[in-house]
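Please open the model in your viewer and get your selection tool ready. We will walk through it one stop at a time.

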2 protein chains.
Amino acid sequence: MNRNEVILIGHGSGGRLTRELIDEIFVKKFDNPLLSGLHDASIIETDSEKIAFTTDSYVIDPIFFPGGNIGKLAISGTVNDLCVSGSIPKYISCGFIIEEGLPISDLENIVTSMASEAERAGVFIVAGDTKVVKRGQCDKIFINTSGIGIIPSDRLHISSGKTIQPGDKILVSGTLGDHAIAILAARENLTLDEEIQSDTAPLNKLTEAVLVHPSDLRFMRDITRGGLATILTEVCENKDFGIDVDEKNIPIRQSVKSICELYGFDPLYLANEGKMMLIVRQESENIILQRLKTEKHGVDATIIGEITISHPGKAILKSVIGGRRIIEMLSGEMLPRIC
Amino acid sequence: MNRNEVILIGHGSGGRLTRELIDEIFVKKFDNPLLSGLHDASIIETDSEKIAFTTDSYVIDPIFFPGGNIGKLAISGTVNDLCVSGSIPKYISCGFIIEEGLPISDLENIVTSMASEAERAGVFIVAGDTKVVKRGQCDKIFINTSGIGIIPSDRLHISSGKTIQPGDKILVSGTLGDHAIAILAARENLTLDEEIQSDTAPLNKLTEAVLVHPSDLRFMRDITRGGLATILTEVCENKDFGIDVDEKNIPIRQSVKSICELYGFDPLYLANEGKMMLIVRQESENIILQRLKTEKHGVDATIIGEITISHPGKAILKSVIGGRRIIEMLSGEMLPRIC
């Protein structure tokens with residue numbers, strides 16, 4: 001990356017270009033141990049407590065979509081960054097950037113969704129800011145939410161993933177790609193046999209359900225921009241273990257598969273907003289799977305793979321037809337403004 | 001405000017329309033005691049500590065201006081919201097929304113400023129997020145920063161202002177309007193005899209200097225969008241005390257005054273990014289004034305008025321020529337995208 005380049009859409013993809021931008025600009029300049037961990041939530045140790053702190057800006061287009069809107073997404077997305085770090089989400093701030101001319105009724109509907117989503121997740125919206133720019137200077141509304149969670153001391157290993165070891169099992173909490181395809185369908189006015197709804201939802205009830213015994217869990221991450229593929233490659237990058245994933249066990253709706261084939265998308269790279277990947281102790285895989293399946297947002301949970309020593313640093317997919325391929329990080333951008 | 005209306009530029013002014021939007025949409029929907037205080041930083045009580053939490057989005061235009069840039073502003077603005085609440089600013093998150101095509105060199109310059117400003121203020125940037133939107137979907141770059149500060153228990157009265165009483169003195173830490181006029185000059189390509197620089201600066205060294213004995217202080221607020229006038233009206237609104245301010249004691253540069261006359265601006269409503277208003281115990285006015293004046297960002301500090309029982313709920317300005325007028329909250333918008 002050199003200073004003569006310009007920002008590309010792919011720099012916001014959540015994949016390789018985003019990572020380059022973060023490594024070469026942000027981490028280099030803002031260098032400190034808390035940031036260089038590159039977790040979605042940073043773990044802060046105050047004098048007497050450990051707190052998780054996270055931020056996300058939401059620029060999704062369209063702002064209203066099947067299964068949600070930008071406000072619902074802004075709350076659940078930040079709740080999810082907090083809860084997969086092992087923390088209990090508590091406090092949320094909201095920063096609005098609004099384009100002049102946005103109907104007040106749209107803003108009210110968005111804010112109503114935020115309030116009900118916050119209530120559902122048990123978090124309090126405690127700080128806010130509103131900026132208005134002229135027509136054409138932003139697109140309708142962008143929302144930043146930042147969040148604070150409290151981390152019980154027996155969950156500190158979750159965020160770093162430092163206890164991951166060979167033999168551990170990898171699970172996903174449900175079907176992949178619903179959010180991305182719902183947005184695509186809304187944008188392109190696709191008529192589908194079965195309407196696909198975004199999976200936008202707060203996952204903190206699900207993470208609490210699996211954290212009854214925190215030592216069962218090695219790692220969790222919500223599967224957003226960049227998709228499952230990006231998380232799998234990040235988890236084992238530069239590590240002395242690799243990942244084996246079995247494609248036939250990855251849950252994907254038939255309707256999502258069909259649209260992926262039509263558009264040439266790989267569902268492993270699609271964004272989700274109510275799904276997570278978990279790495280669990282081998283001995284705990286069934287109890288965790290059961291705990292996931294008893295929750296509304298975990299009914300389609302499956303075991304998709306395991307941690308292995310046979311190919312350190314690499315995530316390998318065994319395809320449905322039996323072939324094996326290395327999973328790469330997303331390069332470029334499939335669907336801009338997906339979140 | 002009804003659902004058939006649309007968002008106006010004035011809804012982002014920091015004045016009356018912003019307040020209406022906050023009261024009628026945000027506070028109504030997000031109702032909780034922490035938010036309805038309407039402070040810039042919310043005070044959160046965890047099991048063992050009290051923390052301040054704040055958020056601001058920065059959409060300033062132009063992104064580079066005399067005395068700073070959007071990155072410097074994004075750090076110091078959020079540091080200031082934290083420190084005037086009586087907290088010690090500690091951790092900052094950054095959310096970037098970038099327009100496709102922004103030169104990498106611009107981003108790098110902005111991020112470099114953020115890093116040096118964070119170092120100067122002694123805060124750590126611990127969480128980040130980057131979104132990229134297509135050309136024309138935002139204007140160059142918007143930055144949200146959220147911040148966490150720790151509040152020593154003997155400073156809890158600062159944020160609420162609940163100890164304010166008649167006889168207390170009102171101070172400002174320096175000249176008003178420099179930021180707004182610097183931005184105006186940059187936007188309009190004004191040629192001035194003396195270049196006016198934005199006062200963008202972190203104020204936490206200044207707040208620490210005056211908080212040696214926290215009981216000397218009743219209240220602090222950084223003077224940003226909406227200007228000194230808006231803070232004065234907010235402080236005494238619905239209270240059993242009022243405010244008297246003496247115009248001749250309000251420090252304003254001659255060059256700022258001249259431009260205000262030319263454009264018909266009232267400097268009391270102009271935005272600042274490195275100035276604060278303080279309310280102090282009558283007995284402590286001189287020691288606090290001295291402490292301010294020994295600091296770089298407080299050399300022009302003055303005592304401008306006092307808390308009075310003679311006109312409860314109203315802030316009244318005694319003008320240079322001797323008249324008296326009620327100070328109203330800003331209505332409409334003087335300079336959009338000033339921060």
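Domain bounds here come from an automatic or database domain assignment. This is a predicted model, in which local features need pLDDT of at least 70 and side-chain atom pairs count only at pLDDT 80 or more, while totals for chains, interfaces and linings use all residues. Residues are numbered from 1 along each chain as its sequence is written, chains are lettered from A and ligands numbered from 1 in the order in which they are written, and side-chain values use heavy atoms, with hydrogens and water left out.

Start by colouring 39–155 of chain A as domain 1 and 169–327 as domain 2. Their centres, taken over C-alpha atoms, lie 23 Å apart.

Next, select the boundary between them. Here 26 residues of domain 1 contact 27 residues of domain 2 (heavy atoms within 4.5 Å). The buried area, meaning the accessible area (1.4 Å probe) that the two parts lose on being put together, summed over both, is about 2100 Å², with 55% from carbon and sulfur atoms. Show Pro66(A), Val84(A) and Arg120(A): they supply 27% of the area that domain 1 buries against domain 2, more than any other three residues.

Now find Arg155(A) and Glu208(A). They form a salt bridge, with the closest N and O atoms 2.8 Å apart (the rule asks for a side-chain nitrogen of Lys or Arg within 4 Å of a carboxyl oxygen of Asp or Glu). Across the interface of the two domains, the rule finds one salt bridge.
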